[in-house]
Amino acid sequence: MSVSTATFAANQPFPMLTIIVVLPALGALVVALVANRRTETARQIAILTTVATAAFAAFVLVAFHGDDTGFQFVTRQTWIDDLGISWALGVDGISLFLVVMTAIIFPISLLAAKPGHDDKAYYAWILILQSGCMGVFLALDLFVFFVFFELVLVPMYFLIGKWGHGDRIHAAMKFFLYTMFGSAFMLVGILATVLLNAKGTGGAITFDLVELAQNQAIATETARWLFLSFAIAFAVKVPMFPVHTWLPDAHTEAPTAGSVILAAVMLKLGTYGFIRFGLFLFPEAAVYFAPLFLTLGVVGIIYGAIVATVQRDLKRLVAYSSIAHLGFIILGIFALNTQGIEGGILQMVNHGVSTGALFILVGWIYERRHTRQIAELKGLQKVAPIFAAAFTLVMLSSIGVPGLNGFVGEFLVLIGAFASARWWAVVAAAGVILAAVYLLWAYQRVFHGTPDDDNADFPELRWHEGLVLLPLIGLIVFMGVYPKPVIERIEPAVVALIDHMEAEVPGFAENGGPTAPEGVELRDVRADDGHATDEEADH
């Protein structure tokens, strides 16, 4: 069944997805009502709320029908009837594991580090951030999606600006301005898409994602411009080269929990947007611009790896490694075939788990030594071997060593890219080698050698810290050894998306490359009134 003809699962008597989105926001409200002096109570409420949200997400995972190509657990309620806006939520194989990963990362980030001051506000902002992230992954209405896409900026801005380190105000402002700039383009694109589609079909205005994709009635050239308006917002959020410069500053100055959430969850809002809205709403434009995004993805892989190699700050090194890993995700998405997109989705989850764990470990190093400078860290393996072992495992998963989760995603991405974008795949493969270089070299400088006086008393990994890391390490190993249950649930939705693209773009073949053969008309080109013109048909 193609996505364009997918049937929605019956409305659930219990609005499971609404609970997943709204529960963290309600928890934030309860935290805000707690007395200022009861900081431990605020922390307990925040942790309990995130754990409860994870329990609901786990129920969705268990009850999810892996062979269904449509959206499941759908909630649909009219919100603004005159404008065709509805509270529409749904989950499929593309969004399922991003929702589950988000549900796992938030309680772990709360347990991994405390704010140090203004605890109530800190926990309230994190819960609002979780609500926004869940809303992005579950929204099936463009207006609802945009609201949640913008909502996440506010709590992250305050988390960096108030609880961050060093030049945190500059980093927070840079993050906010970059992402607001990109989102302004998307808002224009959403409004234009909705209005032009209503004009082309002669029907009512609707913001419904599936309805817009089914009844696309926008001229090809116009659709390409609209795709770019969405793509700018997603590229900034990823972030892709060359709009990536806000990321190292935001990661470096953010508190530990902020860095974990930013890397593991928020960066995926952009890559998810490319799949859910870019490829689904504008399949011809996605095919047309695929070479551009493949090139930018490969540049990001090589650039991020090279710049990471020369970093002196351990946290900044991990930040630049994210640019390289996200380049792999972009490469997989715009390979425009089943293996590539599956690998991209899997790599979103893998990167969230591995890089989230790396930021937690780097945060603990900073708590112990009050420095992240690689030159000031030496010989930690001798004084804290268990800590070093945990760091090694997470680092190897980030490199993509076989048997750990990072290998599976990168392998699928490269297979998909090689099938449809061979030369980009060949260049991107060098990024795997460079990843081993900068991570292993950093590990050698930080953990090998003889510890000096400053590092001789470096504390070993504590038992409660080990419990925090255990779920992430378990996922790293499980998804590396046995990824089948994950891939089986992702694949039907990805196949349906490819079928939708093939139906909308005549001449496009899944393994025929990101561009159609020369001389093949890509699709029936419609004018804005819904009818093809002679000139456009010739074009």
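## Stop one: a hairpin

Start with the hairpin of strand 1 and strand 2: four residues sit between the strands, and Gly84 takes a positive phi near 70 degrees there. (Strands, E, at least two residues, and helices, H or I, at least four, are DSSP runs numbered from the N terminus.) You're looking at a predicted model, in which local features need pLDDT of at least 70 and side-chain atom pairs count only at pLDDT 80 or more, while totals for chains, interfaces and linings use all residues. Residues are numbered from 1 along each chain as its sequence is written, and side-chain values use heavy atoms, with hydrogens and water left out.

Now select residues 72–80, which are strand 1; this strand pairs with strand 2 in the antiparallel sense over six bridges (two strands pair if DSSP finds at least two bridges between them). Click Thr78 and you'll find its bridge partner, Ser86, in strand 2.

Next, residues 85–91. Is strand 2 enclosed or open? Seven of its seven residues are buried, so the strand is largely enclosed by the rest of the structure. (Buried means under 20% relative accessible area, exposed over 50%, partly exposed in between, with a 1.4 Å probe and protein chains only.) Both faces are covered: Ile85, Trp87, Leu89 and Val91 on one side, Ser86, Ala88 and Gly90 on the other.

## Stop two: salt bridges

The structure holds 11 salt bridges, each a side-chain nitrogen of Lys or Arg within 4 Å of a carboxyl oxygen of Asp or Glu. Show the side chains of Lys174 and Asp249, which meet at 3.1 Å, N to O. Lys174 lies in helix 7 and Asp249 in helix 10, so the pair ties together parts that are 75 residues apart in sequence.

Together, Lys174, Asp249 and Arg316 form a network of salt bridges. Asp249 is buried at 15%, whereas Arg316 is partly exposed at 22%.

Then pick Glu284 and Arg224, another salt bridge, at 2.6 Å. Glu284 is in helix 13 and Arg224 in helix 9, so parts 60 residues apart in sequence are tied together. Glu284 is buried at 3% relative accessibility, and Arg224 is buried too, at 9%.

## Last stop: confidence

Colour by pLDDT, the predictor's confidence in each residue, from 0 to 100. The protein averages 87, and 92% of the residues score at least 70. Select residues 1–11, where pLDDT stays under 50, then residues 512–539, where pLDDT also stays under 50. Where pLDDT is low, the predicted coordinates should not be read in detail.

How values were computed
Contact means heavy atoms within 4.5 Å.
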